[in-house]
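Please open the structure in the viewer and keep the selection tool at hand.

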Amino acid sequence: MSAREATSRLKSSKDLLEVAVQTTSQSRPGRILLPKRIVLTGFMGAGKSTLGPRLAQQLGWAFIDLDDEIVRAEQKSIAQIFDSIGEARFRELERNALANALRLEKIVLALGGGAIETVDNRQRIQEDTETLLLYLAAPLEVLIERCEQQQLQRKAVRRPILEKRAELTERFQRRRPLYELADWTLDTTGQSLDELVVAIMARWNNASWNTAQENQKRA
Ligand code: S3P
């Protein structure tokens with residue numbers, strides 16, 4: 001093996017360690033036994049809607065984007081909804097859409113970045129022992145940069161909350177402890193989509209519910 005190959009192998013094994021999924025919160029009332037859904041949370045630009053479909057594909061599950069559900073039901077873009085009825089009413093639509101989505105099984109569900117601020121949404125997720133909450137984390141500067149890149153490449157729809165720049169830091173700080181209520185956290189900084197999906201699947205395959213099933217099979 002050449003020195004260059006060795007260095008690149010070292011780098012990739014180090015990267016894998018760095019992208020390990022962390023268990024974050026123990027704050028749930030009940031323990032998750034066998035999740036029927038994975039809910040992705042995190043600020044705008046966290047990668048919920050890009051990583052979600054890839055993860056769903058790996059699991060053989062369906063992918064649902066909560067914003068898309070709202071857009072479909074209302075026949076308006078998120079920006080049009082904000083402009084016409086305001087944020088508070090948007091949050092009501094979001095709450096109803098989440099309640100409906102949580103009835104489905106075998107889904108990866110991407111939340112909008114602000115859904116976690118609604119108490120009812122947090123309660124629903126935390127009381128549901130068949131739903132695993134995964135937080136895709138990154139520093140605010142990285143998130144803003146990603147959103148700007150997406151807008152430049154026209155890969156993202158207009159985000160009304162992103163436009164209120166002066167409020168972004170405060171929103172991020174207010175939401176961060178709520179995101180951290182997630183069962184698992186994954187630092188997405190500097191990692192490719194593939195590396196992130198591999199890290200989540202590794203954690204999933206080693207999770208207690210899978211291990212318990214394996215042990216049962218062996219016994
Ligand atoms: C919002 C994030 C958006 C969307 C809406 C509000 C927020 O979703 O739900 O514009 O409050 O952070 P993404 O996080 O998918 O951009």
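Which residues point one way from strand 5, and which the other way? Select strand 5, residues 131–137, in what is a predicted model. T131, L133, Y135 and A137 point one way, while L132, L134 and L136 point the other way. All of them are buried, and strand 5 is accordingly described as mostly covered, with 7 of its 7 residues buried.

**The neighbours of strand 5**

Strand 2 and strand 5 run parallel and are joined by 5 bridges. Within this pairing, R37 stands opposite T131 of strand 5.

Now display strand 6, residues 184–187. Strand 5 and strand 6 also run parallel, with 4 bridges joining them. Here Y135 stands opposite T185 in strand 6.

**The whole sheet**

The bridge partner of L40 in strand 4 is A110.

In general, the strands of a sheet pair through backbone hydrogen bonds, in parallel or antiparallel fashion.

**A residue in strand 6**

Select D187, which is found in strand 6. Is D187 buried or partly exposed? D187 counts as partly exposed because it has 18 C-beta neighbours inside 10 Å, whereas a buried residue requires 20 or more. Then select V21 as well: D187 and V21 are 166 residues apart in sequence, yet their C-alpha atoms are 7.6 Å apart in space.

**The nonpolar core**

Which residues have the most contacts inside the largest nonpolar core? They are L40, L66, L109 and L134, in a core of 38 residues. Strand 5 contributes the largest share of this core, with 6 residues.

Centre the view on L109. Apart from its neighbours within four places in sequence, L109 is in contact with R37, V39, L40, I64, L66 and A101.

**The ligand**

Select the ligand and then the residues that surround it: M44, K48, S49, D67, I78, G112, G113, G114, R159, P160 and I161. By class, the shell divides into 4 nonpolar, 4 polar and 3 charged residues. Helix 2 (48–59) and helix 7 (160–163) each supply at least two residues of the shell.

**The chain as a whole**

Finally, clear the selection and view the entire chain, which has 10 helices and 6 strands. The radius of gyration is 18 Å, close to the 17 Å that the globule rule gives for 219 residues, so the chain is as compact as a globular protein of that length. Along the principal axes, the C-alpha atoms fill a box of roughly 60 × 45 × 30 Å.

Buried residues make up 27% of the 219 residues. Of the contacts with a separation of 6 or more, 82% are between residues 24 or more positions apart.

Methods. Residues are numbered from 1 along each chain as its sequence is written. This is a predicted model: local features need pLDDT of at least 70, side-chain atom pairs count only at pLDDT 80 or more; totals for chains, interfaces and linings use all residues. A residue is near a molecule or strand if its C-beta atom, placed from the backbone, lies within 6 Å of it. Ala, Val, Leu, Ile, Met, Phe, Trp, Tyr, Cys and Pro count as nonpolar, Asp, Glu, Lys and Arg as charged, and the others, Gly among them, as polar. The radius of gyration is taken over C-alpha atoms; the globule rule is 2.2 Å times the number of residues to the power 0.38. A residue is buried if 20 or more other C-beta atoms lie within 10 Å of its own, exposed if 12 or fewer, and partly exposed in between; C-beta atoms are placed from the backbone. Two residues are in contact if their C-beta atoms, placed from the backbone, lie within 7 Å. A nonpolar core is a set of buried Ala, Val, Leu, Ile, Met, Phe, Trp, Tyr and Cys residues joined through C-beta atoms within 7 Å. Two strands pair if DSSP finds at least two bridges between them.
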